Amino acid sequence: MSTTLIAVVLVLVLGHLVPMLTALRQFDWLVNWRRTIGNQGGEDGAMRGRAGLAVILLLPVVLVGLLQLALRDVWFGFPAFVFAAVVLFYCWGPRDLDQDVERVVEAPSADAKRVAAAVFLPPGSAAGLNGPLLVEGVFVGALRRWFGPLFWFLLLGAAGALLYRLTAVLALDEVHADLPTEQHDSARWLLRVLDWPVAQSMTLALALVAHFDAVLGAWRSWHTQGMRLDTGFLGAAARASVAFEVAEDEAYAPEGHAIATTPALIELRDAMSLIWRILLLWLAVLALFVIAGFVS
(Lines give C-alpha, C1' and ligand atoms only; values in the text may rest on other atoms or scores of the structure.)
Protein backbone atom coordinates (compact mmCIF):
# COMPACT_ATOMS: atom_id res chain seq x y z
CA MET A 1 0.00 0.00 0.00
CA SER A 2 1.22 3.49 -0.77
CA THR A 3 2.97 5.37 2.02
CA THR A 4 0.80 8.37 1.14
CA LEU A 5 -2.39 6.47 1.90
CA ILE A 6 -0.91 5.00 5.07
CA ALA A 7 0.10 8.47 6.26
CA VAL A 8 -3.43 9.82 5.74
CA VAL A 9 -5.04 6.90 7.58
CA LEU A 10 -2.47 7.17 10.38
CA VAL A 11 -3.25 10.86 10.88
CA LEU A 12 -6.98 10.12 11.12
CA VAL A 13 -6.46 7.29 13.61
CA LEU A 14 -4.02 9.20 15.82
CA GLY A 15 -6.34 12.19 16.01
CA HIS A 16 -9.08 9.99 17.45
CA LEU A 17 -7.13 7.50 19.56
CA VAL A 18 -4.60 9.94 21.03
CA PRO A 19 -6.49 13.26 21.17
CA MET A 20 -3.93 14.86 23.49
CA LEU A 21 -1.49 14.94 20.55
CA THR A 22 -3.64 17.62 18.92
CA ALA A 23 -2.22 20.06 21.48
CA LEU A 24 0.98 19.95 19.43
CA ARG A 25 -0.74 21.76 16.57
CA GLN A 26 0.52 25.17 17.61
CA PHE A 27 1.63 27.95 15.25
CA ASP A 28 2.80 30.48 17.82
CA TRP A 29 6.21 30.52 16.14
CA LEU A 30 4.60 32.01 13.02
CA VAL A 31 3.83 35.27 14.85
CA ASN A 32 7.49 35.88 15.71
CA TRP A 33 8.64 34.66 12.31
CA ARG A 34 6.48 37.00 10.25
CA ARG A 35 7.22 39.94 12.58
CA THR A 36 10.94 39.29 12.14
CA ILE A 37 10.53 39.35 8.36
CA GLY A 38 8.28 42.42 8.52
CA ASN A 39 10.88 44.35 10.52
CA GLN A 40 13.45 43.99 7.75
CA GLY A 41 13.69 47.18 5.70
CA GLY A 42 11.69 49.51 7.94
CA GLU A 43 8.01 50.39 8.21
CA ASP A 44 7.54 50.96 4.47
CA GLY A 45 9.94 48.29 3.22
CA ALA A 46 9.17 45.57 0.72
CA MET A 47 9.07 42.99 3.49
CA ARG A 48 5.78 44.46 4.70
CA GLY A 49 4.12 43.81 1.34
CA ARG A 50 3.61 40.82 -0.97
CA ALA A 51 7.35 40.13 -1.14
CA GLY A 52 7.44 39.79 2.64
CA LEU A 53 4.45 37.43 2.60
CA ALA A 54 6.20 35.30 -0.02
CA VAL A 55 9.27 35.05 2.22
CA ILE A 56 7.15 34.26 5.29
CA LEU A 57 5.42 31.40 3.49
CA LEU A 58 8.05 30.05 1.14
CA LEU A 59 11.07 29.76 3.40
CA PRO A 60 9.51 27.20 5.79
CA VAL A 61 7.66 25.49 2.93
CA VAL A 62 10.79 25.16 0.80
CA LEU A 63 12.75 23.94 3.82
CA VAL A 64 10.17 21.22 4.46
CA GLY A 65 10.15 20.31 0.76
CA LEU A 66 13.94 19.99 0.62
CA LEU A 67 14.01 17.89 3.79
CA GLN A 68 11.31 15.65 2.35
CA LEU A 69 13.38 15.14 -0.82
CA ALA A 70 16.56 14.51 1.17
CA LEU A 71 14.87 11.76 3.20
CA ARG A 72 13.25 10.06 0.23
CA ASP A 73 16.04 7.53 -0.42
CA VAL A 74 17.20 7.06 3.18
CA TRP A 75 16.42 3.68 4.81
CA PHE A 76 13.98 2.68 2.07
CA GLY A 77 12.04 5.92 2.50
CA PHE A 78 10.87 5.21 6.05
CA PRO A 79 12.17 8.52 7.52
CA ALA A 80 10.45 10.37 4.66
CA PHE A 81 7.19 8.59 5.46
CA VAL A 82 7.43 9.45 9.16
CA PHE A 83 8.31 13.06 8.37
CA ALA A 84 5.40 13.43 5.92
CA ALA A 85 2.94 11.88 8.41
CA VAL A 86 4.15 14.21 11.19
CA VAL A 87 3.78 17.30 9.00
CA LEU A 88 0.31 16.25 7.82
CA PHE A 89 -0.77 15.61 11.41
CA TYR A 90 0.57 19.02 12.40
CA CYS A 91 -1.35 20.72 9.58
CA TRP A 92 -4.61 18.83 10.24
CA GLY A 93 -7.39 20.40 12.28
CA PRO A 94 -6.45 21.97 14.65
CA ARG A 95 -9.54 20.39 16.29
CA ASP A 96 -11.30 17.27 15.03
CA LEU A 97 -14.42 18.26 13.14
CA ASP A 98 -16.56 15.28 14.14
CA GLN A 99 -15.83 15.85 17.83
CA ASP A 100 -16.97 19.47 17.55
CA VAL A 101 -20.22 18.23 15.97
CA GLU A 102 -20.72 15.73 18.79
CA ARG A 103 -20.20 18.47 21.37
CA VAL A 104 -23.13 20.35 19.88
CA VAL A 105 -25.38 17.30 19.69
CA GLU A 106 -24.53 16.00 23.17
CA ALA A 107 -24.55 19.36 24.99
CA PRO A 108 -26.87 19.05 28.01
CA SER A 109 -28.98 22.18 27.40
CA ALA A 110 -30.17 24.44 24.62
CA ASP A 111 -27.87 27.22 25.77
CA ALA A 112 -24.90 24.86 25.84
CA LYS A 113 -25.76 23.65 22.34
CA ARG A 114 -25.84 27.23 21.04
CA VAL A 115 -22.46 27.96 22.63
CA ALA A 116 -20.94 24.78 21.17
CA ALA A 117 -22.44 25.53 17.74
CA ALA A 118 -20.78 28.96 17.60
CA VAL A 119 -17.61 27.36 16.24
CA PHE A 120 -19.47 26.61 12.99
CA LEU A 121 -20.99 30.06 12.52
CA PRO A 122 -19.41 32.96 10.60
CA PRO A 123 -17.62 35.58 12.74
CA GLY A 124 -20.08 38.11 14.14
CA SER A 125 -23.12 35.84 13.74
CA ALA A 126 -25.59 35.57 16.58
CA ALA A 127 -25.31 32.29 18.46
CA GLY A 128 -28.12 29.93 17.57
CA LEU A 129 -29.14 26.60 16.07
CA ASN A 130 -29.71 27.67 12.49
CA GLY A 131 -29.71 24.47 10.44
CA PRO A 132 -28.56 25.81 7.03
CA LEU A 133 -25.84 27.97 8.63
CA LEU A 134 -24.59 25.01 10.64
CA VAL A 135 -24.54 22.79 7.55
CA GLU A 136 -22.48 25.33 5.65
CA GLY A 137 -20.22 25.82 8.67
CA VAL A 138 -19.52 22.10 8.91
CA PHE A 139 -18.55 21.96 5.24
CA VAL A 140 -16.35 25.05 5.47
CA GLY A 141 -14.77 23.50 8.57
CA ALA A 142 -14.16 20.27 6.67
CA LEU A 143 -12.58 22.22 3.82
CA ARG A 144 -10.22 24.13 6.10
CA ARG A 145 -9.47 21.44 8.68
CA TRP A 146 -9.37 18.23 6.62
CA PHE A 147 -9.66 18.44 2.89
CA GLY A 148 -7.48 21.51 2.25
CA PRO A 149 -4.37 20.04 3.93
CA LEU A 150 -5.16 16.60 2.49
CA PHE A 151 -5.60 17.84 -1.11
CA TRP A 152 -2.33 19.76 -1.15
CA PHE A 153 -0.54 16.95 0.69
CA LEU A 154 -1.60 14.56 -2.06
CA LEU A 155 -0.35 16.96 -4.74
CA LEU A 156 2.83 18.39 -3.17
CA GLY A 157 3.55 16.22 -0.17
CA ALA A 158 4.36 17.66 3.26
CA ALA A 159 5.31 21.02 1.73
CA GLY A 160 1.84 21.36 0.20
CA ALA A 161 0.08 20.65 3.48
CA LEU A 162 2.26 23.19 5.28
CA LEU A 163 1.69 25.83 2.58
CA TYR A 164 -2.06 25.45 2.97
CA ARG A 165 -2.05 25.59 6.76
CA LEU A 166 0.30 28.58 7.01
CA THR A 167 -1.79 30.48 4.48
CA ALA A 168 -5.01 29.68 6.35
CA VAL A 169 -3.51 30.73 9.69
CA LEU A 170 -2.23 34.04 8.31
CA ALA A 171 -5.50 34.77 6.54
CA LEU A 172 -7.97 33.77 9.26
CA ASP A 173 -6.37 33.61 12.71
CA GLU A 174 -7.12 36.64 14.88
CA VAL A 175 -3.57 36.61 16.26
CA HIS A 176 -2.44 37.77 12.81
CA ALA A 177 -4.93 40.64 12.62
CA ASP A 178 -2.03 43.08 12.85
CA LEU A 179 -0.63 41.94 9.51
CA PRO A 180 -0.05 44.84 7.09
CA THR A 181 -3.15 45.33 4.97
CA GLU A 182 -1.44 44.32 1.74
CA GLN A 183 -0.16 41.10 3.26
CA HIS A 184 -3.50 40.27 4.87
CA ASP A 185 -5.38 40.83 1.62
CA SER A 186 -2.81 38.78 -0.29
CA ALA A 187 -3.03 35.93 2.22
CA ARG A 188 -6.82 35.87 1.90
CA TRP A 189 -6.54 35.88 -1.90
CA LEU A 190 -4.03 33.02 -1.83
CA LEU A 191 -6.29 31.05 0.51
CA ARG A 192 -9.16 31.45 -1.96
CA VAL A 193 -6.88 30.16 -4.72
CA LEU A 194 -5.87 27.14 -2.63
CA ASP A 195 -9.45 26.47 -1.47
CA TRP A 196 -11.08 26.64 -4.89
CA PRO A 197 -9.93 23.30 -6.40
CA VAL A 198 -10.46 21.58 -3.04
CA ALA A 199 -14.05 22.83 -2.82
CA GLN A 200 -14.71 21.77 -6.41
CA SER A 201 -13.39 18.28 -5.65
CA MET A 202 -15.50 18.09 -2.50
CA THR A 203 -18.60 19.15 -4.43
CA LEU A 204 -18.00 16.50 -7.09
CA ALA A 205 -17.57 13.86 -4.39
CA LEU A 206 -20.72 15.10 -2.65
CA ALA A 207 -22.68 14.69 -5.86
CA LEU A 208 -21.46 11.09 -6.10
CA VAL A 209 -22.18 10.11 -2.48
CA ALA A 210 -25.46 12.04 -2.04
CA HIS A 211 -28.24 13.23 -4.37
CA PHE A 212 -26.54 14.06 -7.66
CA ASP A 213 -29.30 16.26 -9.11
CA ALA A 214 -29.68 18.35 -5.94
CA VAL A 215 -25.95 19.01 -5.74
CA LEU A 216 -25.59 19.71 -9.45
CA GLY A 217 -28.59 22.06 -9.40
CA ALA A 218 -27.14 24.05 -6.50
CA TRP A 219 -23.73 24.18 -8.17
CA ARG A 220 -25.21 25.42 -11.45
CA SER A 221 -27.37 27.99 -9.71
CA TRP A 222 -24.36 29.40 -7.87
CA HIS A 223 -22.41 29.74 -11.12
CA THR A 224 -25.13 31.48 -13.13
CA GLN A 225 -23.04 34.67 -12.82
CA GLY A 226 -19.97 32.85 -14.13
CA MET A 227 -17.03 31.13 -12.47
CA ARG A 228 -15.85 33.04 -9.41
CA LEU A 229 -12.86 32.55 -7.15
CA ASP A 230 -14.84 31.69 -4.04
CA THR A 231 -16.19 28.56 -2.41
CA GLY A 232 -19.80 29.60 -1.81
CA PHE A 233 -20.98 26.86 -4.15
CA LEU A 234 -19.81 24.24 -1.64
CA GLY A 235 -22.12 25.59 1.07
CA ALA A 236 -25.01 25.85 -1.41
CA ALA A 237 -24.49 22.25 -2.55
CA ALA A 238 -24.23 21.06 1.06
CA ARG A 239 -27.48 22.80 2.07
CA ALA A 240 -29.31 21.36 -0.94
CA SER A 241 -28.02 17.86 -0.27
CA VAL A 242 -28.88 17.90 3.44
CA ALA A 243 -32.33 19.35 2.74
CA PHE A 244 -33.00 16.52 0.29
CA GLU A 245 -31.85 13.87 2.77
CA VAL A 246 -33.95 15.32 5.59
CA ALA A 247 -37.02 15.42 3.32
CA GLU A 248 -36.36 11.85 2.24
CA ASP A 249 -36.06 10.68 5.87
CA GLU A 250 -39.36 12.36 6.71
CA ALA A 251 -41.05 10.79 3.68
CA TYR A 252 -39.97 7.27 4.68
CA ALA A 253 -40.47 7.65 8.44
CA PRO A 254 -43.26 5.55 9.98
CA GLU A 255 -46.51 7.41 10.40
CA GLY A 256 -46.57 9.38 13.65
CA HIS A 257 -42.81 9.06 14.14
CA ALA A 258 -41.01 12.32 14.92
CA ILE A 259 -37.78 12.66 12.97
CA ALA A 260 -36.23 15.10 15.43
CA THR A 261 -37.16 17.42 18.22
CA THR A 262 -34.49 19.86 17.01
CA PRO A 263 -34.29 19.81 13.20
CA ALA A 264 -31.03 21.81 13.16
CA LEU A 265 -29.26 19.00 15.02
CA ILE A 266 -30.45 16.45 12.49
CA GLU A 267 -29.16 18.68 9.69
CA LEU A 268 -25.86 19.03 11.54
CA ARG A 269 -25.47 15.28 11.91
CA ASP A 270 -26.48 14.68 8.28
CA ALA A 271 -23.82 17.19 7.20
CA MET A 272 -21.17 15.36 9.22
CA SER A 273 -22.30 12.06 7.76
CA LEU A 274 -21.86 13.48 4.26
CA ILE A 275 -18.38 14.71 5.17
CA TRP A 276 -17.40 11.20 6.23
CA ARG A 277 -18.76 9.82 2.96
CA ILE A 278 -16.74 12.34 0.97
CA LEU A 279 -13.59 11.47 2.89
CA LEU A 280 -14.13 7.75 2.34
CA LEU A 281 -14.63 8.36 -1.38
CA TRP A 282 -11.40 10.37 -1.55
CA LEU A 283 -9.52 7.57 0.20
CA ALA A 284 -11.10 4.97 -2.08
CA VAL A 285 -10.02 6.92 -5.16
CA LEU A 286 -6.52 7.28 -3.71
CA ALA A 287 -6.43 3.53 -3.09
CA LEU A 288 -7.40 2.91 -6.72
CA PHE A 289 -4.54 5.13 -7.87
CA VAL A 290 -2.22 3.17 -5.60
CA ILE A 291 -3.41 -0.14 -7.06
CA ALA A 292 -2.99 1.25 -10.58
CA GLY A 293 0.55 2.32 -9.70
CA PHE A 294 0.06 6.07 -10.15
CA VAL A 295 0.88 6.97 -6.52
CA SER A 296 4.05 5.87 -4.80
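A salt bridge is defined here as a side-chain nitrogen of Lys or Arg within 4 Å of a carboxyl oxygen of Asp or Glu. By this criterion, the whole structure holds 11 salt bridges. The model is predicted, with local features requiring pLDDT of at least 70 and side-chain atom pairs counted only at pLDDT 80 or more, whereas totals for chains, interfaces and linings use all residues. Residues are numbered from 1 along each chain as its sequence is written, and side-chain values use heavy atoms, with hydrogens and water left out.

**View 1. Salt bridge between D178 and R35.** The N to O distance is 3.2 Å. D178 lies in the loop between α8 (158-172) and α9 (181-209), and R35 in helix α2 (residues 28-38), 143 residues apart; helices are DSSP runs (H or I, at least four residues) numbered from the N terminus. D178 is partly exposed at 40% relative accessible area (buried is under 20%, exposed over 50%, partly exposed in between; 1.4 Å probe, protein chains only).

**View 2. Salt bridge between R50 and E182.** The side chains meet at 3.0 Å, N to O. R50 belongs to helix α3 (residues 50-71) and E182 to helix α9, 132 residues apart. R50 is exposed at 57% relative accessibility, while E182 is partly exposed at 37%.

**View 3. Salt bridge between R269 and E102.** The N to O distance is 3.7 Å. Because R269 lies in helix α12 (residues 263-292) and E102 in helix α5 (residues 97-106), the pair ties together parts 167 residues apart in sequence.

**View 4. Network of salt bridges.** R95, D100, R103 and R145 are linked in this network.

Notes. Helices (H or I, at least four residues) and strands (E, at least two) are DSSP runs, numbered from the N terminus.
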